[in-house]
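This report describes one protein chain in plain terms.

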Amino acid sequence: MQPKKHYFAQIPTIAIFVAFAVSAPLGLLLLILKSIDKNAQKEEQSAAGLPNTPPVEIRPARTPPMPGAAAAPDPDRPTYDQQTARKRQKDLTALCTVIGAIFLVAGFAGLTDVFGLFPYYIDWGELFSNLAQMIGGGAALFTGLHMRRTHKLEQLLDTIVGSRDNIPLAELFAAAGVEEAKGRTTLQNAIEHGYFGADAYIDNRTGTLVVRGAAPQLPRPEPAPQPKAPAEPADEYAALLQQLRQANAAIPDPVMTAKISRLEAVSARIFELAKQDPGKKAQLQKFMGYYLPTALKLLNTYASLAAQDVQGENITEAKQNIERSMDLLISAFENQLDKLFQSDALDVSADIAALEGMLNMDGLTGSDFTK
């Protein structure tokens, strides 16, 4: 199905101003018809799922010409349509400025004649006609001046771009001293008028005006750093002994220091046995999982309490409780060390019993021996 043609929506604004200056009802009628037709066009585009803005042109990649074929058009030169659009802009600018000035002056002169007869006689028809001429002429003149300023801004943008292949829009608008919204509109008009060549376009992904060649690539985001796994201690037993030493260094009390040193010495012997005989490590599960961590927690708490400037009743009582528990911890650690030799003691007893049995069987232990 062919889309409906919207002729009234395509009427140039200058034509409406001129019609208003000639005949106010005609200009007003054209303005209403253009507004209605433009709204209908937008509704049709929305219903069809099309954007209201012109689609972005995707140009195919240029391929080198075949031998003997005609040379490809220079992308730095504007196309025929672009040259025509630029010429139309210049003509409309001149037309709006000249016609607007003429109608504005004519309307002002007519009003002067009308008010010259005041208060004896007023020709209301002539009054409204001259007012329409002034309004239409003023609007056309304003439009022409605005188009002239836009034309100068387009030339300024072209001068700033110069021979660059591409330029960020923020840099371009900052150099021209315009806001982004106005700069984008003017830049799009300049592209349509061929100021930057046939292949220029705005790359919205990177916010760049591309004059020739490919658009700049977006920087690839750097991969997020992987969280580092906590470093495993080279020696689990050495790490625990280090914690005991740190707690001991943080406690200034000499009595507590001596007791902690005893804990450290017994723990070092326990760990040494576990290293020599990995089978003994199974006997240390509760010691490693509860007793030793609890002892470290109590010692760190004691160090924190001892570092307080004010030693109140609660702090003193807590410290005394930890001090009393140290003898119990030393006894428990020593018992743990002793239990590690339980299997060795059983083996010794078994070996001795076997030895005595063999000696008795061989009669090597009786009183039959003589000197």
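Is Arg205 buried or exposed? Arg205 is exposed, with a relative accessible area of 60%; exposed means over 50%, buried under 20% and partly exposed in between, with a 1.4 Å probe and protein chains only.

## Basis of the model

This is a predicted model, in which local features need pLDDT of at least 70 and side-chain atom pairs count only at pLDDT 80 or more, while totals for chains, interfaces and linings use all residues. Residues are numbered from 1 along each chain as its sequence is written, and side-chain values use heavy atoms, with hydrogens and water left out.

## Overall make-up

The protein has 11 helices and 3 strands. Helices (H or I, at least four residues) and strands (E, at least two) are DSSP runs, numbered from the N terminus. Along the sequence, the pattern reads α-α-α-α-β-α-α-β-β-α-α-α-α-α.

Of the 371 residues in the protein, 29% are buried. Among contacts (heavy atoms within 4.5 Å) with a separation of 6 or more, 64% are between residues 24 or more positions apart.

## The loop at Arg205

Arg205 sits in the loop between strand 2 (201-203) and strand 3 (208-210). Apart from neighbours within four places in sequence, Arg205 is in contact with Ala215 and Leu218. Leu218 is 13 residues from Arg205 along the chain, and their C-alpha atoms are separated by 7.9 Å.

Two packed helices are described by the angle between their axes and the distance between the axes. Here axes are lines fitted to C-alpha atoms, for helices over the stretch in contact, and angles run from 0 to 180 degrees between N-to-C directions. Helix 5 (residues 169-176) packs on helix 6 (residues 180-192) at an angle of about 100°, with the axes 10 Å apart. Helix 5 is therefore roughly perpendicular to helix 6; angles of 65 to 115 degrees count as roughly perpendicular, under 35 as roughly parallel, over 145 as roughly antiparallel and the rest as oblique. Leu169, Leu172 and Phe173 of helix 5 meet Glu180, Gly183, Arg184 and Leu187 of helix 6. By class, this contact has 4 nonpolar, 1 polar and 2 charged residues. Ala, Val, Leu, Ile, Met, Phe, Trp, Tyr, Cys and Pro count as nonpolar, Asp, Glu, Lys and Arg as charged, and the others, Gly among them, as polar.

Gln155 belongs to helix 4 (residues 124-161). Gln155 is partly exposed, with a relative accessible area of 37%. The C-alpha atoms of Gln155 and Ala190 are separated by 8.1 Å, although the two are 35 residues apart along the chain.

## Helices 7 and 8

Helix 7 (residues 236-250) and helix 8 (residues 254-276) cross at roughly 175°, and their axes come within 10 Å. Helix 7 is therefore roughly antiparallel to helix 8. Helix 7 contributes Tyr237, Leu240, Leu241, Leu244, Arg245 and Asn248 to the contact, and helix 8 contributes Thr257, Ile260, Ser261, Glu264, Ser267, Ala268, Phe271, Ala274 and Lys275. These residues divide into 8 nonpolar, 4 polar and 3 charged.

## Helices 9 and 10

Helix 9 (residues 285-306) and helix 10 (residues 313-339) pack at about 150°, their axes 10 Å apart. This angle makes helix 9 roughly antiparallel to helix 10. Residues in the contact include Phe287, Leu292 and Tyr302 in helix 9 and Ile315, Glu323, Phe333 and Gln336 in helix 10. The contact has 14 nonpolar, 3 polar and 2 charged residues.

Glu323, in helix 10, is partly exposed, with a relative accessible area of 26%. Leaving out residues up to four places away in sequence, Glu323 touches Met256, Lys259 and Tyr302. Met256 is 67 residues from Glu323 in sequence and 7.0 Å away in space, C-alpha to C-alpha. Gln336, also in helix 10, is buried, with a relative accessible area of 12%. With residues up to four places away in sequence left out, Gln336 touches Ile270, Gln283, Leu284 and Phe287.
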